[in-house]
Amino acid sequence: MQQNLMKKTAIYSILFSAAALGVIFYAVQTEALASEESAKEEIQLYQDADIDYITSEDIINIEETQIADGTLTFEIGGSDTNYLCIPLPQGVKAEEIAIENHYMDGEMWIALSAVPERFYEESVISGNRQNITGGTYEKFETGVILKFGLKDIYECRSILEDSRLYIELVSPKEMYDKIIVVDPSFGGKAPGVEEGGLKEKDITLTIAEKLKAKLDTTDIKVYYTRMEDTNPTEEQRVKIANTTKADMLIRIEANADNDSNIYGTTAVYNANFFIPGFGSIELANLLEKEVVSYIKGKAIGLQAADGEDYVVMQATVPAAAIKVGYLTNAQEAILLKKEDYLDKIATGIYNAVMKVYEE
């Protein structure tokens, strides 16, 4: 009986050992698979690491949810690197980072949707900060947003590597071959020409929005002085064109006259700043021609800018204002209320831009 018991014990021991080995083997296989998947994710992350410029259209209402937290700490002393180095928690992915260029405010925003609220109380920003005036961090709904003050207008190249985001600030001309500035006139508390409930600021902004939809399909980098009901100063509007060394500045305006019978389209150019080859008068001529052709309207002829045309007069790049119609003319005012008519004006401006780059 004792012998049978010993046999059974030996058999159970063998079976237990086999089962244990099976569990260990399964665990090792599972861990190996997990490691393999992790490696794939890491490889994919580094393949997607060069995120150059990402807009944060998926991060909604940042302004409404942010809570001011504090000032970013920068490393004392400089660095030979071209990059600003921003530490991140382990595991932050490229798709969790959104970079916004708030060039009108002289700021760069970096929204980090997976970073703890207090991470930057102790983390230090290092690297090249010669083009940065300082920075703050703020909490928003899903993470932290970093705001850097910039000394000028820059674009950025970025690389995500080893839980660090490297940002290189470069001049727009280093990033883009084609640059234009679009300036919808007035805005905010300055309505511009106002007749019968129509406001110049609304007309010019609507045209700019429709123009943007068309230009977004091209390889042209476009800076807009406003895309909301705001009113940047004339100095700010001019600065964008001059600082970026844009190929052209296109200002969109409406018109008015004491004589309500006057109607039509005209363009204003800077007669005091001559640019050989393609300059302000050539741009004005092309704008008037293409817009009038597309809307099947009336061309009034080009006009030299005067003291009231500050933006056009102060630009050091080819600059012109296209005056799209008279709000004081009843028939033209009716047209300027129509979305499809404003879209035609935008198409005319778009066609003019395309022809500039074809020549």
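## Asn 101 and its partners

The side chain of Asn 101 gets to within 2.8 Å of the backbone oxygen of Tyr 154. A second polar contact (a pair of N or O atoms within 3.5 Å; within protein, one must be able to donate a hydrogen and the other to accept it, and residues adjacent in sequence count only if both atoms are side-chain atoms) links the Asn 101 side chain to that of Glu 155, at 3.1 Å. Asn 101 sits in strand E4, residues 97–102. With a relative accessibility of 14%, Asn 101 counts as buried (under 20% relative accessible area; exposed is over 50%, partly exposed in between, using a 1.4 Å probe and protein chains only).

## About the model

This is a predicted model, where local features need pLDDT of at least 70 and side-chain atom pairs count only at pLDDT 80 or more, while totals for chains, interfaces and linings use all residues. Numbering runs from 1 along each chain as its sequence is written, and side-chain values use heavy atoms, with hydrogens and water left out.

## The chain as a whole

There are nine helices and 18 strands in the chain; these are DSSP runs numbered from the N terminus, helices being H or I with at least four residues and strands E with at least two. Of its 359 residues, 45% count as buried. Take the contacts (heavy atoms within 4.5 Å) between residues at least 6 apart in sequence: 76% of them join residues at least 24 apart.

Strands count as paired if DSSP finds at least two bridges between them. E2 and E6 (residues 124–127) run parallel, with two bridges, and Thr 73 has Val 124 of E6 as its bridge partner.

## Helix H5 and its buried side

Helix H5 spans residues 234–244, and its buried residues are Arg 237, Val 238, Ile 240, Ala 241 and Thr 244. They lie on the same side of H5, because they cover an arc of only 155° around the axis (the arc of the directions from the helix axis to the C-beta atoms).

What do the buried residues of H5 pack against? Their neighbours are helices H3 (172–175) and H7 (310–314), plus strands E11 (179–184), E14 (221–224) and E15 (248–255). Just after H5 comes Lys 245, with a positive phi of about 55°.
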